Amino acid sequence: MTLAAGLRAKGSGLAVALASLALATAFAQTPMPGSGSVRLQPDWTSLEPEIMQQFQTVLRFDTRNPPGNEHLVADYLKGVFDKAGIPAQIFALDANRSNLVARLKGNGKKKPLLIMGHSDVVTVDEAKWKFPPFSATRDGGWVYARGTVDDKDNLAGGLMTMLLLKRFNVPLDRDVIFLSEAGEEGSSNFGMQFMVNQHYPEIEAEYCLAEGGGAIRIGGVAKYTTVETLEKIPRGIELVAHGISGHGSIPLKSNAIVHLAGAVAKVGQWRPEIRFNETTGTYFRGLAQIAAPENAKYYRDVLSTDPKLRAAADEWLFENEPLHSSMLRTSVSPNIFAGGYRSNVIPSEAKATLDVRALPDEDPIRFLEQVKKIVDDPAVDVHFTAQNVRPASAFDARLDSEPYKVLEAAAKRIYNTVTLPTMSTGATDMAPLRARGVQCFGIGAAIDMEDGPKGFGMHSDQERLLETELYRFVRYNYEVVVDLARAK
Amino acid sequence: MRAGLQGLGLRAWGIAYLAATLSAQAPPPGSGSVRLQPDWTAVEPEILRHYQAVLRLDTTNPPGNEHLAVEYLKQVLDAEGIPSQIFALDPNRSNLVARLKGTGRKRPLLIMGHTDDVTVDASKWKFPPFSATRDGGYVYARGAIDDKDNLTAGLMTLVMLKRLKVPLDRDVIFLAESGEEGNSNFGIQFMVAQHFDQIDAEYCFAEGGGVTRIGGEARFATVQATEKIPRGIELVAHGISGHGSIPLKSNAIVHLAAAVARVGDWRPDIRFNETTGSYFRGLAAISPPDVAAHYRDVLSADPKVRAAADDWLVEHEPQHASMLRTSVSPNIFAGGYRSNVIPSEAKATLDVRMLPDEDPARFLEQVTHVVNDPAVDVRFPSQNTRPPGAAARLDSEPFKAIDAANKRMYNVPTLPTMSTFATDMAQLRAKGMQCYGIGPAVDLEDGPKGFGMHSDQERLLESELYRFVRFNYEVVLDLARAR
């Protein structure tokens, strides 16, 4: 679910090249952490086979959720950590859906740092995949598999960081905790919810890093890096139409399928009102500064108080950069429609499920009323689904904090980009940690902006990651952790 | 398959408007010296026993398992000494043919009923769909009026003819056929292609007609003389898959929903044929003035007058609206597998019932035009299509026998109809057989209330079951007994 769709699924993008001038002048290179006397930097090139092997191994476990079977990953990681001499422990509400916590002890001068990745993946429609979804096939410099960018990249990044810290005996000012969690894709009761409620001391930390951000490439070059500091709140809404059942040879005005189709068409074409918060305001302003003028215009216009300018920019974003369009509002995506069981029988009921991503300040009751008004059909019931709702985060991650600065520096050094704070349109397991006061930051591997619209994005039928970007992300992950945790 | 007249929703029928004008009662056939009429009251428990027995066999299609009904019927026929034989393409989907021999002076008469039922959504049923529960004078079950009523009547007619040793001028053949609900390759198609000599006849009776009751009283009878041709159409929308947190303009569900909404709101052109023209004129003649106006208006050449009548029919008498045109009903919509994943494909199935003279390719073009979305493919799926055949004649001996029986037993006039649904008569008509669709009396009010055929509370009045068995018997007697 992850930043789900993070900036990765982005629309065709900031399509037009960012002003190269900005890039050239923006960042002088800073030395990497650990380039001093203690050897903290591995030989990255020689580590590539090991990274690839770990990545492919976890990708090849079929942990689609449901049913999950995340114990396959937890058990595998336990073996790896045991062999490396890193203490690790398994926690499970259901034996097949276990979580794993590994910890490298620091001297306790600072509170712990938590790095996490989720071990489950969303389901697949196998018929649609060119390469089998759990094959982790390497093709043309890419690795193809369900989970490559959601979230086994973070899982592999966290795992490698732990192994390397241990291998180089890096002295630490704070514990570094690694968490492989189950059930992120819709059953967090087995994963984050369980860990926070039952085993919070095992993962309690000052800061955490999880999925939800990453560098964005356009035309093969990293242009900017996002760090997720805030997220939308997922809420499902169901539309249920009732009509008279009967024989299909006699069309009925009350046909539940037709009523529901009308309702879904209306809701699907509706665009809820635009509203900004501090993160999204900062983000769009930042983007306007680094984007080429023809694109920058839309980021500025959408912030305008002139409703016409704003609407035109909104229209452009929905068409060309749907992720940005979703960041402007509580979004609605009708994703399931089910009705009828036989071609010659008019069913008495049909049901659609809307994926709603509410802005953090949205009033759910008020929003439901708006949806009812759009549907405007007494034959169609509109109600919230019973689903795991993640708590709204009490604390946004601060932009003036130590981790944010470290992340900014690493992005400059490794990707040569600026960092923009984002609000993720997808929910992440950071929500319950944020609710406990942990400062959480969403990171990830670099993704091609063009991949989303071409159908290679997260949750798509050809999810993939560039091998080179896997390696670069592991390095980014390691260096950020070293910067935050090594003894100084 | 029969959607019968339950869907009519006729309004405002003047009480006693019709009955007064009808012909004087004629004596039933066989009321002469030879005893040809059973004691019907005494036979009622036997009728109900067979009816409930076949209703309680789960012959939901798919998978069918019509052999259950065939085995039951075979055992009943064997006990009566009536020769019967089983024919099967698939042993689980068998058909049964029974024959009472006549003198051969006339060519045979075929009476038939199908043994399979449409599927059920069991959770929606008040009484379990295969319980055949009796409640308030009704029997509730899947198949109660589609088509185990005809099956029971056909069985009882043979049993009575045999038991009373009625001399016959022609063979009377009873066919219990499988797969009527969408797999006629196991049933009528198989019988016509492989064993036509077993069922070859001059005339046939099957489902497709009946008597319409309004306010508890029989008002008119219908005999199906021709039928629409079913063709499914599939709408398939393709879009980009992705995460539900980022709505996409290409969302396949949204595109398909808009297409289905447009098609669902669309009304194809009105077109009459001889049967439907006769039907609406006949209906206008026997209806109270306020209702008759709509039947006359819909026949009008003035597009405005016609459109207003059409609106009224769509709202109040959907069955009649469907008789005016090639109809479209979106009945299945399937897309998406997880609430947070935008699927790359969604599919809807339209139930299309074409007028006998419809040009399928041209109609598909019209639907494509209404959908008007390049993201949505519009196509015919592969499905068993029934062949078009000539309409049955209205000046024939069977039509007259049915007309007479309707007057005698229900005191109602008979109207020829085009059924909006397909029946297994299509294959027989294509072979030149004169086929007529009949059935028991049902309440006009039942359809809109959700008690109709294929509905979640399919039912039949017990008293109307008995009356239909008798009607069936007397019509067969009239056509087949030795004179």
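Biologist: Which residues does Gly187(B) touch, not counting residues up to four places away in sequence?

Modeller: This is a predicted model, in which local features need pLDDT of at least 70, side-chain atom pairs count only at pLDDT 80 or more, and totals for chains, interfaces and linings use all residues. Residues are numbered from 1 along each chain as its sequence is written, chains are lettered from A and ligands numbered from 1 in the order in which they are written, and side-chain values use heavy atoms, with hydrogens and water left out. Gly187(B) lies in the loop between strand E6 (172–177) and helix H4 (188–194) of chain B, where helices (H or I, at least four residues) and strands (E, at least two) are DSSP runs numbered from the N terminus. Taking contact as heavy atoms within 4.5 Å, and leaving out residues up to four places away in sequence, the residues that Gly187(B) touches are Asn95(B) and Ser178(B).

Biologist: How far apart in space are Gly187(B) and Asn95(B), C-alpha to C-alpha?

Modeller: Gly187(B) counts as buried at 0% relative accessibility, where buried means under 20% relative accessible area, exposed over 50% and partly exposed in between (1.4 Å probe, protein chains only). In sequence, Gly187(B) and Asn95(B) are 92 residues apart, while their C-alpha atoms are separated in space by 6.5 Å.

Biologist: Why do the buried residues of H8(B) line one face of the helix, and what arc do they fall within?

Modeller: In helix H8 (residues 289–298) of chain B, the buried residues are Val291(B), Ala292(B), His294(B), Tyr295(B) and Val298(B). Their cover includes helix H7 (274–286), helix H9 (303–316) and helix H10 (318–323) of chain B. The arc is that of the directions from the helix axis to the C-beta atoms. Seen down the axis of H8(B), the buried residues line one face because they fall within an arc of 150°.

Biologist: How many residues apart in sequence are the parts that the pair of Cys204(B) and Cys435(B) ties together?

Modeller: A disulfide (a pair of cysteine sulfur atoms within 2.5 Å) joins Cys204(B) to Cys435(B), with 2.4 Å from S to S. Cys204(B) is in strand E7 (residues 203–207) of chain B and Cys435(B) is in strand E17 (residues 434–438) of chain B, so the parts tied together are apart in sequence by 231 residues.

Biologist: How far apart are the sulfur atoms of Cys208(A) and Cys440(A)?

Modeller: Both Cys208(A) and Cys440(A) are buried, and their link is right-handed, with 120° about the S-S bond. Cys208(A) and Cys440(A) form a disulfide in which the distance between the sulfur atoms is 2.5 Å.

Biologist: What is the angle between the planes of Trp40(B) and Tyr473(B)?

Modeller: Rings of Phe, Tyr and Trp (its six-membered ring) pair if their centres lie within 6.5 Å, and planes under 30 degrees apart count as stacked, over 60 as edge-to-face and the rest as tilted. Trp40(B) and Tyr473(B) are both buried. Their aromatic pair is edge-to-face, with 5.6 Å from centre to centre and an angle between the planes of 70°.

Biologist: Over the ring of which residue does the charged end of Arg459(B) sit?

Modeller: A charge sits over a ring if NZ of Lys or CZ of Arg is within 6 Å of the ring centre and within 35 degrees of the ring normal. The charged end of Arg459(B) lies 3.7 Å from the centre of the ring that it sits over, and that ring belongs to Tyr138(B).
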